[in-house]
Amino acid sequence: MSNPQEFLLLAPEILLASAGLLLLLIGTIGRGLSNRQSALVAVVSLMLTGVDLYAVRRSVPGRLLILGDSFVIDGFAIFWKALVLIATALVILLSIRFLEEGGYRAAEYYSLLLLATSGMMLMASGYTLLTIWIALETMALSSYILAGYFKRHLRSNEAALKYFILGALSSGILLYGISLLYGAAGTVQLGELSRGLADAIAAGNVLVPLGWLLLAAGLFFKVSAVPFHIWTPDVYVGAPTPVTAYLAVASKAASFAILIRIFYEGLGSLQDDWKWILAGVSAATMIWGNLAALTQDNVKRMLAYSSIAHAGYVLIGVLAASEIGLWSVLFYLLAYTFITIGAFAVVILLERKEYAGETCADYAGLSQRSPFLAAMMVIFLVALTGIPPTGGFFGKVYLFAAAVQSGWTWLAVVGVVTSAISLYYYFRIVVYMYQRDTTETAAVPLHAPALVAAIAFCAAATLLLGLYPEPFIQITKSSLIALGGM
Amino acid sequence: MFDNLILSGVPILSIICYVPLAGALLLLFLPKDRPALIRQLATGVALLDFLLSVPLWFAFQRGGDLFQFRESADWIESIGARYEFGIDGIALLLVLLTTLLGVLAFLSSWKAINTREKEYYVFLLLLQTGMLGVFMALDFFLFYVFWEVMLVPMYFLIGIWGGPRKLYAAIKFFLYTLVGSVLMLLGILALYFFNAVGLLGWEGLGNTATFSILQFHEIGHLIPKDLQIWIFLAFFVGFAIKVPMFPFHTWLPDAHVEAPTAGSVILAGVLLKMGTYGFVRFSLPILPAATLELLPWLAGLSIIGILYGAMVAMAQKDMKKLVAYSSVSHLGFVMLGLFALNGPGVNGAVLQMINHGLSTGALFLLVGIIYERRHTRMIADYGGLSAVMPVYATLFLIITMSSIGLPTLNGFIGELTILIGAFNRTWWWAALAGLGIVLGAAYMLWMYQRVFFGPITNPENENVQDLNWREIAYLVPIVLLCFWIGLYPRPFFAVLDQPVRYVVEKVDPGLGARLAGPASAEE
């Protein structure tokens with residue numbers, strides 16, 4: 001039975017969720033906290049959570065199943081938790097000015113961010129299909145509200161509603177898949193599930209394929225892989241931009257964490273079946289994401305399709321079952337986090353009056369008006385394309401290397417060709433920034449120090465990951481040691 | 001003195017490679033409303049870089065180690081990529097060409113570029129670093145990083161300071177070369193895995209995972225032929241687009257015509273050489289069986305390139321486009337020399353790489369000079385220029401002669417050795433290529449005639465200024481080098497002898513022994 005002390009190992013999540021609830025409570029007393037105060041509280045609680053997470057990491061050297069084998073603490077989980085914490089902290093830096101200009105109450109916003117983040121951290125640790133599902137819902141419900149946070153705007157409302165309806169549908173599908181698998185295997189615990197499913201298939205249970213297909217569809221929805229990506233562009237465009245960044249990075253990372261864990265641990269015995277599905281989805285996602293991005297004029301929409309395309313690249317790594325495959329996924333998402341948040345940060349700086357200023361034309365002549373911003377954006381776009389010396393390049397190289405090594409050469413070919421194509425739409429923005437003139441001469445005001453700091457930090461991280469990736473590779477590699485069954 | 005330099009362990013190659021980068025960072029801190037200061041400083045950095053690279057020529061020990069000035073450091077241990085620099089005779093010449101043309105490109109930009117100078121010189125300096133790194137890297141991964149890094153500044157140079165169709169030309173250049181390089185990356189990865197753990201049913205050699213080029217040279221002949229052909233094709237796309245070989249050349253005329261003068265000079269002078277360098281450094285020595293297998297196709301494409309480029313050049317009305325197509329033809333010569341796979345062929349090919357860099361670089365400079373004065377490049381707008389611009393006409397004539405291969409000038413030596421090599425391999429290759437020389441003389445002389453001789457038909461040409469000191473200063477070094485190579489090429493062959501024999505030994509050992517060419521006979 002579970003030992004009360006085991007709760008200590010989930011203290012980071014508990015701490016973060018408590019901080020979120022506390023923020024919510026304080027918000028109801030009198031006039032509550034100001035925007036900046038709430039942001040400060042949120043960032044401090046993220047830092048404390050980070051410290052706590054480090055302590056957990058130190059106390060659990062290998063892999064530990066806790067609370068009746070329903071949660072797992074291992075390097076893999078800790079990596080995702082740390083990544084999500086960093087991403088959330090950056091998103092908070094991005095949000096401060098945005099909320100000020102929008103004139104919305106801030107405490108609830110940060111509270112929801114913290115709650116969603118605690119859900120993500122639990123996802124990374126979940127070890128039964130049900131704990132994973134509950135954690136996923138914690139994240140998803142908070143995200144629905146966040147997407148609709150600009151309640152006076154039609155687009156934000158539309159985004160929230162679409163996200164909610166489709167998200168609820170996918171959660172239902174996921175749950176239905178889980179129930180079928182439970183019926184077949186008699187367990188939802190990932191370690192036993194794999195064996196149980198193998199036995200069920202041997203016994204001729206026809207519901208197993210349906211079960212895991214439904215489960216996979218739900219997961220593909222969460223990482224926005226083709227053909228379950230339909231919601232992504234609309235939600236990304238409509239949601240307040242910091243929330244978009246949050247969905248594109250943190251939410252996606254956490255979803256990949258459970259996707260990898262479920263496929264490799266829960267469905268490990270069915271690998272020969274699902275690898276073809278995964279390959280097809282990966283190829284379709286890369287091709288469609290990149291092609292659809294070609295015609296977008298709205299930068300947020302373009303970044304939405306680009307995030308779909310990047311999910312396709314990551315799936316290559318998930319598929320390449322070798323060790324290099326998995327650490328390349330971790331490295332890729334690490335780099336992707338900084339690159340994407342940085343790009344969205346530039347978008348936010350350029351946005352005025354909430355939604356204006358997000359078409360390509362609004363970037364015209366930026367290199368003359370604000371050379372610093374334009375240069376930063378070039379770094380992020382070059383990195384998204386996968387050109388050195390940036391983290392995006394190494395991320396892709398490792399993914400493609402994994403694919404070549406494990407025999408998925410055709411996927412690697414699709415990957416390299418589509419990333420060459422992606423140059424065209426990423427550099428459309430560069431064309432506007434550097435090669436189009438504009439009547440507008442006023443520089444973009446850099447009066448949001450937190451935002452500018454976030455941009456500079458992300459750019460520095462992007463370049464560092466590209467020039468000297470070795471330490472980060474070591475981190476991602478050490479995060480894999482404890483992942484069982486590998 | 002120079003020996004001490006080496007012994008004291010100064011990382012001279014890294015210094016040469018990163019001086020332009022440091023200069024670019026420095027420029028970022030200058031105010032952009034001081035263009036004179038910016039261009040002087042940028043040119044100063046390029047000049048300093050050239051001066052730093054000159055000692056390499058003297059300190060390089062002929063007959064010493066194949067790769068000299070080696071530098072080695074850990075970089076990405078987990079995948080075995082290392083920071084390895086080193087140059088052999090081939091890379092030595094290309095490094096010197098790069099730094100020299102760099103200075104000239106900077107000087108030629110002083111007046112031609114009068115908007116956004118700061119960004120321009122920053123990109124030009126970054127480009128220098130990228131190109132130098134390509135020629136210096138001895139680690140395939142490092143090579144690839146430089147190879148791609150360099151695309152970004154070139155994109156901006158064409159795309160911001162180019163002609164009317166610059167947007168189209170810039171993205172076309174970028175997309176073409178990027179597609180080529182990413183496929184090349186897959187080839188590199190296949191090579192990497194074959195050396196270590198194996199891939200796709202091909203059993204690996206079980207060596208330590210590495211991207212070391214020298215290690216790949218060692219294992220080249222062990223790679224099964226079918227895998228070699230796959231890797232060769234992956235490399236071929238990357239390198240052939242860069243060269244450019246027919247039919248991958250369509251990006252080149254667009255990029256050349258739209259690029260600013262300095263961009264064209266560097267594009268023709270150095271960038272294209274990265275493609276031919278790729279063949280001589282990687283494809284030939286690492287994949288000998290595939291090279292021999294595909295040889296008829298490769299030579300065929302080279303010869304088509306020679307003839308097709310020359311014939312299209314003949315039909316051009318725009319001087320810059322004419323020079324651009326002449327590049328396709330000349331690079332076809334280089335490729336043919338390489339695919340002769342013997343001493344004279346490869347020697348001539350590498351020397352012709354340098355020659356083409358000098359003479360075509362100079363031609364673009366010359367076209368740029370007249371364009372600055374008259375803002376047109378159409379041949380029909382000129383005529384009788386020799387009367388008003390005697391110095392210009394003289395220099396143009398010398399460079400024209402160098403380009404068409406007149407004896408006493410550099411082009412002759414290169415083309416002759418290539419033809420000897422090609423003849424030794426298959427006599428009719430040389431016969432067809434010889435036709436290309438005739439065509440080359442025809443289109444160059446015809447253009448020269450229409451631009452410089454006859455009466456001045458266009459009144460606007462009556463008062464064109466002749467060259468000023470700055471323009472003479474950056475043309476004279478090229479002319480001198482053309483004569484040096486033309487009259488006394490021996491020092492160049494002396495540097496090339498060893499690396500060329502190394503390549504020939506790797507790709508076709510039997511033939512190297514059978515046909516000891518003149519260059520290897522000298523030894």
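How many residues does the contact take from chain A and from chain B? Keep in mind as you click around that this is a predicted model. The contact takes 28 residues from chain A and 26 residues from chain B.

Start on the chain A side. Select helix 16 (391–405), helix 17 (409–435) and helix 19 (470–478) of chain A: these are the elements that give two or more residues to the side touching chain B. Now colour helix 17 of chain A, which gives the most to that side, with 13 residues. Switch to colouring by residue type, and the chain A side that touches chain B splits into 20 nonpolar, six polar and two charged residues.

Next, hide chain A and look at chain B as a cartoon. You have 23 helices and four strands there. Chain B has a radius of gyration of 22 Å, close to the 24 Å that the globule rule gives for 523 residues, so it is as compact as a globular protein of that length. Its C-alpha trace spans about 75 × 55 × 45 Å along the principal axes, and buried residues make up 60% of the 523.

Last stop: select helix 15 (residues 343–374) and helix 21 (residues 490–507) of chain B. They pack at an angle of about 125°, their axes 9 Å apart, which makes helix 15 of chain B oblique to helix 21 of chain B. The crossing is right-handed. Show side chains for the contact residues, among them Val346(B) and Val350(B) on helix 15 and Phe493(B), Leu496(B) and Arg501(B) on helix 21. This helix 15 to helix 21 contact in chain B divides into nine nonpolar residues, two polar and one charged.

Terms used
Residues numbered from 1 in each chain as written. Chains lettered and ligands numbered in written order. Predicted model: local features only at pLDDT ≥ 70, side-chain atom pairs only at ≥ 80, totals over all residues. Contact = placed C-beta atoms within 7 Å. Nonpolar A, V, L, I, M, F, W, Y, C, P; charged D, E, K, R; others polar. Rg over C-alpha atoms; globule rule 2.2 N^0.38 Å. Buried ≥ 20, exposed ≤ 12 C-beta atoms within 10 Å, placed from the backbone. Axes fitted to C-alpha atoms, helices over the stretch in contact; angles between N-to-C directions. Parallel < 35°, antiparallel > 145°, perpendicular 65-115°, else oblique. Left-handed = near helix turned anticlockwise from the far one by under 90°.
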